[in-house]
Amino acid sequence: MYFAPPIDYDKVMKKIPYGKVITVGKIREYFAKLSGADFTEPITEGIFISIVAGASYQRLEDETPYWRTLKANGELNPKYPNGIEAQKERLEAEGHTIIKKGRKNIRYYVKDYEKFF
């Protein structure tokens, strides 16, 4: 098991180009492969990605495009700064289609997110 520090998540998230997305699972797979580990610890990963998003939101320069990092299955992350609506708006501005699923427990996903890796 490998524990990647928040700064490493920030570096990877900064490399995601305009119009592209990545899932947290793909980032964990990358770190596991890079370090020779079987897997990357998922709980700290969620915490660290939230830290990266919050820190980027507070900076005036050197923004990390955290909105391009999605949860499993292309789901938007409600823990990002200003919630789902802000992430949805930024992704739609980059050309992505956001779909809504559910009746009571509503969730939002990037349509065909796998095509944008």
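Q: What makes the meeting of the R107 and E75 side chains a salt bridge?
A: In this predicted model, the side chains of R107 and E75 come together at 3.6 Å, N to O. The cut-off for a salt bridge is a Lys or Arg side-chain nitrogen within 4 Å of an Asp or Glu carboxyl oxygen, and therefore the pair qualifies.

Q: Why can the R107 and E75 pair be said to tie together parts of the chain?
A: R107 belongs to strand β4 (residues 107-110), while E75 sits in the loop between β2 and α4, so the pair links parts that are 32 residues apart in sequence.

Q: Why is R107 called partly exposed, and why is E75 called buried?
A: The relative accessible area of R107 is 35%, which lies between the limits of 20% and 50%, so R107 is partly exposed. For E75 the value is 9%, which is under 20%, and therefore E75 is buried.

Q: How do you know that R90 and E63 form a salt bridge?
A: Their side chains meet at 3.2 Å, N to O. This value is within the 4 Å limit, so the pair is a salt bridge. R90 lies in helix α4 and E63 in the loop between α3 (42-58) and β2, so parts 27 residues apart in sequence are tied together.

Q: What makes R90 and E63 partly exposed?
A: R90 has 30% relative accessibility and E63 has 41%.

Q: Is K88 buried or exposed, and why?
A: K88 has a relative accessible area of 19%, which is under 20%, so K88 is buried. E92, at 36% relative accessibility, falls between 20% and 50% and is therefore partly exposed.

Q: Which residues do salt bridges with shared partners join into one network?
A: The network consists of D10, K14, R59 and D62. The structure holds 10 salt bridges.

Q: Why is Y80 called buried?
A: Y80 is placed in the loop between β2 (69-70) and α4 (83-93). Its relative accessibility is 3%, which is under 20%, so Y80 counts as buried. Leaving aside neighbours within four places in sequence, Y80 has contacts that include M13, I49 and W67.

How values were computed: Residues numbered from 1 in each chain as written. Predicted model: local features only at pLDDT ≥ 70, side-chain atom pairs only at ≥ 80, totals over all residues. Heavy atoms only, no water. Helix = DSSP H or I, 4+ residues; strand = E, 2+ residues; numbered from the N terminus. Buried < 20%, exposed > 50% of the residue type's maximum accessible area, 1.4 Å probe, protein only. Contact = heavy atoms within 4.5 Å.
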